[in-house]
Amino acid sequence: MFPPIALEILVLCLGFILLFAESFSTGGDKRSIPQTAIFCLFWIFVGSFFVQTEPKSAVPGDFWSFYGADPSSLFFKRIALLTTIGVLAMAIDFRGVLTRFIPAAQPNAGLGEFYCIPLFTCAGLMFIASAKELIFAFTALELVTISFYILVGFMRRNAQSLEAGVKYLILGALSTGFLVYGITWIFGITGETHLDRITTKLATLHDSESAALFALALVLVGLGFKVAAVPFHGWVPDVYQGAPTPVTAFLSVGSKSAGFILLMRILEPFLASPTLQPKVITILSLLAGATVVVGNLAALTQDNLKRLLAYSSIAHAGYLLIAIASVSSKPNAFGSVGATVSFYLAAYLFMTLLSFLILNLVSSQSKGDDIAHFSGLAKRNPFLATSLLVAMASLAGVPFTAGFYGKFLVFTQAVHADHFALLALGVITVGAGFYYYFRVVAAMWWNTPTETTPIEVPFLSRLVILCCVVAIFYFGIFPKTILTLLNPALTPVVPH
């Protein structure tokens, strides 16, 4: 057993060592950098099961007073590590696209940085998972956000990527301003930035209810951008389409996970206040309803798979918001809201990474990411077509997949909280999801191929794809087993 902070330290050291080594390397295609990173991250992931999770006594102002080491934080750290491994595997296959936008005189310029920066993003995600204090959480979030600023606009000689980078930078800076202002208001009302002490102060707050709700509104604007909730979703389609595909996958999973972890942590003090809770739930319910409707309806007309997955990401943010809005004092045999969100994010990790892994391979060898480029994929590569079928089925919510069980848990929370309007919206929009997800499946299996060249799948990508497919079915059929493996605290999510 070793201290939990060792996980973040190891990831940061790995990032600095590889970045330092890359700066002194000469020639080569830099593939050894992501391969080394994947190998090391895998063993850090294994080491996360040997971390001490017992609560540590902390003196106010001490580091351990705002760094948490509970099982829930470890669960999200494992999500961050697995996401980064998948993104780095994708980045190796994306090398051919990157080199098109690198000057011929410097054929490998920038590749090393593209492979190293995700490690710092991963460290930021892991720090957010343990944050118990708002300033610490904000600092960790900025480490993630600044890394994404660089990665989104990395292909700066490509007009689409440059446009995506500028949009993400401007809107990201704006959302950061709202978040900082919200944190300032919370400090002004309570005199605290530690979440536990904020909970105590808000529970006894009687004369500043409007100010507390205003502070929460500012925070929701800032974090609404991170999780792609309506009406703060406008950046998502253009940024997802313009960013390098591995970065889009990282944004879809990593940024969303970070946003929801922080959102749940900040909402907890407000939901613990008897006077504030009804109003907070009303606000969250409106956000959730708008997000699932806009995300699913907008996805219906998309012909580009990247944009379709962008609106799909918005829709899944809506389902997660439904779960968070379904706080109830009534006992639920299927576990808490936190357990539901944790399971959904873990399931979302595998089905989204699988989708982008295949999108990355097909688009780089077909010179496009429109759905038309997937026509007849079953004849060009049956393995990829079958794997993408699994991913689309899980995203849609077909039984025996992780996506189905995740949506089942969300709707169970809505029923227990008597949010039948949100439940109805959720069920109807799931039906819309079946239509646009299976448009991709129909193109792969029934349409005539527009290209006849077989698609090659490298060994590492094939291995990651297989792991994602197995995990999707394993989560869907044995949810209790996988949750026990990742986090013993979440075992109540499945009744005995």
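Is A228 buried or exposed? At 1% relative accessibility, A228 counts as buried. The legends below concern a predicted model.

**Figure 1. Overview of the predicted model.** The protein contains 20 helices and zero strands. Of its 496 residues, 60% are buried. Among contacts with a separation of 6 or more, 81% are between residues 24 or more positions apart. The protein exposes about 18700 Å², and carbon and sulfur atoms supply 70% of this area.

**Figure 2. Helix α1 and its cover.** Helix α1 spans residues 5–24, which makes 20 residues. From the first C-alpha to the last, α1 reaches 29 Å, close to the 28 Å expected at 1.5 Å a residue. An α-helix has 3.6 residues a turn, so residues three or four places apart point the same way. The buried residues of α1 are I5, A6, L7, E8, V11, L14, G15, L18 and E22. Their cover includes α2 (32–47), α3 (71–93) and α5 (111–130).

**Figure 3. The largest nonpolar core.** In soluble globular proteins, nonpolar side chains tend to be buried together. The largest nonpolar core of this model has 175 residues. Helix α14 (residues 337–366) gives the most to this core, with 19 residues. The residues with the most contacts inside the core are L41, Y168, F260, F270, V280 and L384. When neighbours within four places in sequence are left aside, F260 is in contact with V227, A317, L320, L321, I324 and L345.

Figure 4. A search of the whole structure finds 24 aromatic pairs. One of them joins W185 and F214, whose ring centres are 4.8 Å apart. Their planes stand at 75°, so this pair is edge-to-face. W185 belongs to helix α7 (residues 159–190) and F214 to helix α9 (residues 209–227), and the pair links parts of the chain 29 residues apart. W185 is partly exposed, with 29% relative accessibility, and F214 is also partly exposed, with a relative accessible area of 36%. In another pair, the rings of F343 and F475 have centres 5.5 Å apart and planes at 65°, so this pair too is edge-to-face. F343 lies in helix α14 and F475 in helix α19 (residues 459–477), so the pair ties together parts that are 132 residues apart in sequence. Both F343 and F475 are buried.

**Figure 5. The loop between α9 and α10.** A228 and P231 are both found in the loop between α9 and α10. A cis peptide bond joins V230 and P231, with omega of about 10°. A228 has a positive phi of about 65°, although A228 is not a glycine. With 1% relative accessibility, A228 is buried.

**Figure 6. D418 in the loop between α17 and α18.** D418 lies between α17 (402–416) and α18 (420–446). The phi of D418 is positive, about 60°, although D418 is not a glycine. At 46% relative accessibility, D418 counts as partly exposed.

**Figure 7. Cysteines without a disulfide.** The number of disulfides is zero. C467 is partly exposed, with 47% relative accessibility. Another cysteine, C40, is partly exposed at 26% relative accessibility.

Key:
Residues are numbered from 1 along each chain as its sequence is written. This is a predicted model: local features need pLDDT of at least 70, side-chain atom pairs count only at pLDDT 80 or more; totals for chains, interfaces and linings use all residues. Side-chain values use heavy atoms; hydrogens and water are left out. Helices (H or I, at least four residues) and strands (E, at least two) are DSSP runs, numbered from the N terminus. The expected span of a helix is 1.5 Å times one less than its number of residues. Buried means under 20% relative accessible area, exposed over 50%, partly exposed in between (1.4 Å probe, protein chains only). Contact means heavy atoms within 4.5 Å. A nonpolar core is a set of buried Ala, Val, Leu, Ile, Met, Phe, Trp, Tyr and Cys residues joined through side-chain atoms within 4.5 Å. Accessible areas come from the Shrake-Rupley method with a 1.4 Å probe; for residues, only the protein chains shown count as cover. A disulfide is a pair of cysteine sulfur atoms within 2.5 Å. Rings of Phe, Tyr and Trp (its six-membered ring) pair if their centres lie within 6.5 Å; planes under 30 degrees apart count as stacked, over 60 as edge-to-face and the rest as tilted.
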